[in-house]
Amino acid sequence: MTTTHHPETAQLSIDSLSKRFEMHVLSNTTVVGLEDVSATIRDGEFLAVVGESGSGKSSLLKCLYRSYEPTAGAVRYATDDGDVVDLASCSERTILALREGEIGYVSQFLEEIPRVSALDIVSRPLREAGVSDDEARDRARELLAALELPPELWKAYPATFSGGERQRVNLAKALATEPSLLLLDEPTSALDPETRAAAVDLLRSSLADGTTMVGVFHNPDVVATLADRVLVLDDGSVVDTVDVDAYLEGVR
Ligand SMILES: Nc1ncnc2c1ncn2[C@@H]1O[C@H](COP(=O)(O)OP(=O)(O)OP(=O)(O)O)[C@@H](O)[C@H]1O
């Protein structure tokens, strides 16, 4: 039997990405967020980003989501339509459309929408994508149940929720639309071990469905469970990109 080798396609190709912050209040000092970062993330892969505090992990994710505008470099992203878009330089309109349709971002903090229930926060992106109200709410209930958010909170406003409850709403909201690329910045930092395990299970099934992920997780067990490869940052620069097993040998 002959096997045909299909080269794995790149979902994201980061090329010499830099982000500098001009601090006008500090007599125009320049703070380096990222310096000449390059990496390739394959379709369906989980790339963990690790490094000490201030090494540039959040800056990298924000540049990929374009909440930070990179100072230099390119981020080539293969869209669902088969186009390649440079996330570092594409128009605002393009980035907004990609965020709505296929690129998700979860930080450790929930962006609050006053007087909107948890169920509505999670189902809203689906309804905006044209899914019927009933179907969107069913999907939202499924996700909130999988993340073990108590049902009595589903109709409550997250303004009064604990940090861990908010994080579960945040994750459910990002997973609801089944994004092609999901950027995760410590989305489980406030969860207890049991709910963290539920969140990791959900992320694993989303990976199995083909979502590509770039994620920052301080917990090495979470990195071990989810990651294929690890990008190590120091002072804004890439020190190493290694398979997860090699990385874990070094930290355990
Ligand atoms: N908006 C900003 N304005 C000025 N400097 C910033 C800004 N965002 C990040 N930085 C600086 O860029 C560097 C990298 O910060 P970043 O938040 O990316 O690090 P990190 O690895 O995510 O850290 P942590 O693990 O503590 O969250 C730091 O020196 C930080 O002070």
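Q: In S5, which residue is the bridge partner of Ala78?
A: Ala78 is partnered by Val84 in S5. This is a predicted model, where local features need pLDDT of at least 70, side-chain atom pairs count only at pLDDT 80 or more, and totals for chains, interfaces and linings use all residues. Residues are numbered from 1 along each chain as its sequence is written.

Q: How do you know that S4 and S5 pair, and in which sense do they run?
A: Strands are DSSP runs of E with at least two residues, and helices are runs of H or I with at least four, both numbered from the N terminus. Two strands pair if DSSP finds at least two bridges between them. Strand S4 (residues 72-78) and S5 are joined by three bridges, so they meet that rule, and they run antiparallel.

Q: Why are H3 and H4 called oblique to each other?
A: The axes of helix H3 (residues 118-128) and helix H4 (residues 133-146) come within 8 Å and cross at roughly 125°. Such axes are lines fitted to C-alpha atoms, for helices over the stretch in contact, with angles from 0 to 180 degrees between N-to-C directions. Under 35 degrees counts as roughly parallel, over 145 as roughly antiparallel, 65 to 115 as roughly perpendicular and the rest as oblique. H3 and H4 are therefore oblique.

Q: How do the residues of the contact of H3 with H4 divide by class?
A: They divide into eight nonpolar, one polar and five charged. Ala, Val, Leu, Ile, Met, Phe, Trp, Tyr, Cys and Pro count as nonpolar, Asp, Glu, Lys and Arg as charged, and the others, Gly among them, as polar.

Q: Which residues surround the ligand?
A: Among them are Phe21, Val31, Gly33, Lys57 and Ser58. A residue is near a molecule if its C-beta atom, placed from the backbone, lies within 6 Å of it. Helix H1 (57-65) and strand S2 (29-42) each supply at least two residues of this shell, and H1 gives the largest share, three residues.
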